[in-house]
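User: I would like to go through this chain and ask, term by term, what each description rests on. Please set the values against the definitions as we go.

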Amino acid sequence: MSQIEQVEYQDPILTPGNLRKIVQNLPSKAKDQHSEYQYDCDSDTFENEINEFFKYTEVTVQLQEYRKLYEKEYGSTINSEDVISLLDQLDFLDQESRLKASKILVHTALGNFTTNKNESRQQRVEKLVHCTDMLIECGVFAIIYQKLQNSLDSSIESDLYLTILYVLLESQRFQYPSKASNKLKVDMFTLKPNPTEFLFLWVAKLREKLNTSFPVKKIILLLWKSLLFISGGLDHIKKTTQKSKESLGLSNNNSLSKSTPQDLHFFQNEVMNKYPTYIPQKFPFDITSPLTLQASTTLAQAMGYTNATNQIELLYQTLFPPKSSSNGNSVFQLMGNKKPNYYLYSPYVSPTFVLPLNHDGLAVPESIKEAGQVFVSNMHTSLSNYQIIQERSKGIQRWARIKQDKKELKQDSYDEGDEMNLLEQIYANVISELQNVIIVLLKLLLTAVTTPNGAQEDTRDNLPEDITLSYLEDMDAVRNREVYSKAISGILLLLLKWTKSSHVLKFEYISQLLVDSGCLLLILKIIGLQEISDLVKAQTDIPYYSFLDYNINRDIDSIEPQTSMTTTTTTNKRNMFWAINYLRLLQMLTKHKTHRVMLLAQYKSSAILKRMLKISHPVLELYTLKLLKSQVPYLGRKWRSQNMRIVSAIYLNCHTVLKDDWISKTNFDDDLEEGRMQEHNLRILTYTYNGERYLSSLLPVHDELQTDSVPVGPGFNGFQRYEMDRTDVEEEQEGLDQAFQNNYKTWLDSETFYQTDDEKDIQMNKTAPDTPYPHQDTQKRTEISYEQLTKEINKIYIEQLNEQFNPAVTDDGSIDLVDEQELMYNLIQVQDATVQKWKENQQSSAIKQEQDAKYKYFLFDDMINSDENYIM
């Protein structure tokens, strides 16, 4: 190679930074630039949120009526005594008197605005905040909330009360923490029922009677802002989640490429199949059993929910593989269904490498050891993953789970006013109505998309000279659909984030309700049936007709002319807000859930999501690429070859993990089966967790209650590893008293050894029918030692063990164990046969002379020491 060629030669392996610069210089299709829009995951500015609450027609008609009524009664100023007098008038039987007082309170909450042309927008905002502080100090919020509960049948009164509550809440949310906002937060936490809980239940009732004349929009907006106020917003929720992780010892891993406990477990199993002498490294946290790391049929048997898992019917079906992968399957058929090991982490591993053995050390390559250390050093265990593993462990050890749950209830002593404690109360009281709440919210979203073609127009180009009331009504309909989409997407996102910070199975329950209700398909329909690139730049606001802009000094607060477009693309903040929220909802509902990701691919969502990339905004592009990355393995080779620009963008913008095979995955059948198994197990965990704590009707039926022919003895439930922490007291859902467990020998001495004959007869009648009891003989018996008794029982046990099965012994002397379930079942049969043989031998040998009480004492003591988990 010449010197010139050496200078021009470049390394083909480019870093993401260099590749990003090259991609930016490539010619590309023009995008709508909206990068200047600052996405706030909670809400918009205070001024915009107040303006969006009122319709244009309400500002021009109703609010002006309230202003005239106020000026007629009180003139220009109002004090605390006047406010208390107005609150007293709300108790009048005459509805007209109540409505009059309510209208004046609405005008007062809005800052006593006037028609003075010299009033600026900033002055109107300051007066509004000052008046809301005065109303809160007078206790208006608690009184209006009580009146709202008693006026659900009157849409006019409810509308006025909702307006007062919203203005008070929204003004203090942006001022927090201040004196008035702290007082309002105390009211929000102490009122019974809680305002947020009341609004949830109110929304649930709308499923039966969704009346268009009812102030549904104001109910939804007030629910959204009450959730934001009591939760503190998504930033505060993120900090709460971080504190929970720190309390559990789960440190944050800031490495670029991360691994999960499942990745480490998969790697260790694959390496141990090849190198039996490999010693796997320990996990960063204690794991009861490797079964808890991944959903499987064995895990379902160990938890005792095999039948319940098989009976789960998903309301949606995933049909795979796609047509593009049919050629690949035919190749495997020609090879005799033997799939080759193309990739490092493919489940189809090569045969075990046993030789050569190294007498100086383990015969494992150094690179394999380093790979294991890399997995451990880059381990990232999310709070959700940790909680699911713990719930699976509790499901396997049911007695331990019951005791742990009791400890958690004692330890969960939150301070009064704590957000997580309030969430627990709201969730417990609303869980029975969550299905209705979600259906109502999705119905409202559906109405926001089923609109005539061309209804969403750019009003800045088509603003008429004379603004009529009918024109304002038409624009209200357009803007209300945007407000509905914005508020409902905010509610769902906040609800999912808040419940996930508390416990992942609360989040999973809500996400399952959303998926089963068709939320995925509905969001794709909203995005697909509308041109999002046009919506995010459509201007649906009419200048000077919003509340804070109506009749103000236009010279001071000038608004940009609406008839000409500026050099930069204008952004519709409402539409951009809900567009990003919808993508975040899709990502949260499908993240790490193969079955739901395949469902997105089945809905052809990739074509819809590609249209979102026409909009240039970093947050919107990021979540669009995340959704596409999860679907790339199931879209086929042809799609990848035709969309290499998207594949490159995913590589540049999305984080990768150590075991990241999103671009090269081929085993669709295994993914489909594992995804379905994961979905089933997650639903069993969700039903169990929520059924035991909040709604008993969700509890799945245990295997022991579904069949009549259940083996008797320890390990009958799924043949799992039986321990002392798992006993037959699970039928009573209670654990044995700790004092009894510590002093059971004393109990045996007092209750068994020194009982009278009558007491023994009573005790015999209470004994379980399958518990073996020695033959009662009134003749004098000769005592034998415990050593002889142990020797005889062990002899019978070994004989029955050899008759039941003969375990294979390898060359190194170890026992080649069979399947765990089969082994446990055989051991149970051996145990039952041993007891039966022992009873038969008693009738023909001198051992039957041993006392019954010492026999019971021996069996109970021996099983306690050996953790056999078998209680007489």
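User: Which residues touch the most other members of the largest nonpolar core?

Analyst: Ile220 and Phe547 do, in a core of 178 residues. This is a predicted model, in which local features need pLDDT of at least 70 and side-chain atom pairs count only at pLDDT 80 or more, while totals for chains, interfaces and linings use all residues. Residues are numbered from 1 along each chain as its sequence is written, and side-chain values use heavy atoms, with hydrogens and water left out.

User: What makes a set of residues a nonpolar core?

Analyst: The term stands for buried Ala, Val, Leu, Ile, Met, Phe, Trp, Tyr and Cys residues joined through side-chain atoms within 4.5 Å. Buried means under 20% relative accessible area, exposed over 50%, and partly exposed in between, with a 1.4 Å probe and protein chains only.

User: How do helix 12 and helix 23 pack, and at what angle?

Analyst: Helix 12 (residues 216-231) and helix 23 have axes 10 Å apart and an angle of about 35 degrees between them; axes are lines fitted to C-alpha atoms, for helices over the stretch in contact, and angles run from 0 to 180 degrees between N-to-C directions. Among the residues that meet there are Ile220 and Trp224 in helix 12, and Ile491 and Trp498 in helix 23. Helices here are DSSP runs of H or I with at least four residues, strands are runs of E with at least two, and both are numbered from the N terminus.

User: Why are the buried residues of helix 5 said to be on the same side?

Analyst: In helix 5 (residues 80-89), Val83, Leu86 and Leu87 are buried. They cover an arc of only 100 degrees around the axis, and therefore lie on the same side of helix 5; the arc is that of the directions from the helix axis to the C-beta atoms. What covers these buried residues includes helix 4 (56-74), helix 6 (95-109), helix 7 (121-137) and helix 8 (140-149).

User: What caps the N-terminal end of helix 5?

Analyst: Asn79 does, with a side-chain oxygen 3.3 Å from the backbone nitrogen of Glu81. A polar contact is a pair of N or O atoms within 3.5 Å; within protein, one must be able to donate a hydrogen and the other to accept it, and residues adjacent in sequence count only if both atoms are side-chain atoms.

User: Is Tyr544 buried or exposed, and is His592 buried or exposed?

Analyst: Tyr544 has a relative accessible area of 13%, so it counts as buried, whereas His592, at 66% relative accessibility, counts as exposed. Tyr544 has a positive phi near 70 degrees although it is not glycine, and lies in the loop between helix 26 (532-535) and helix 27 (573-590). His592 has a positive phi of about 60 degrees and lies in the loop between helix 27 and helix 28 (594-602).

Notes. Contact means heavy atoms within 4.5 Å.
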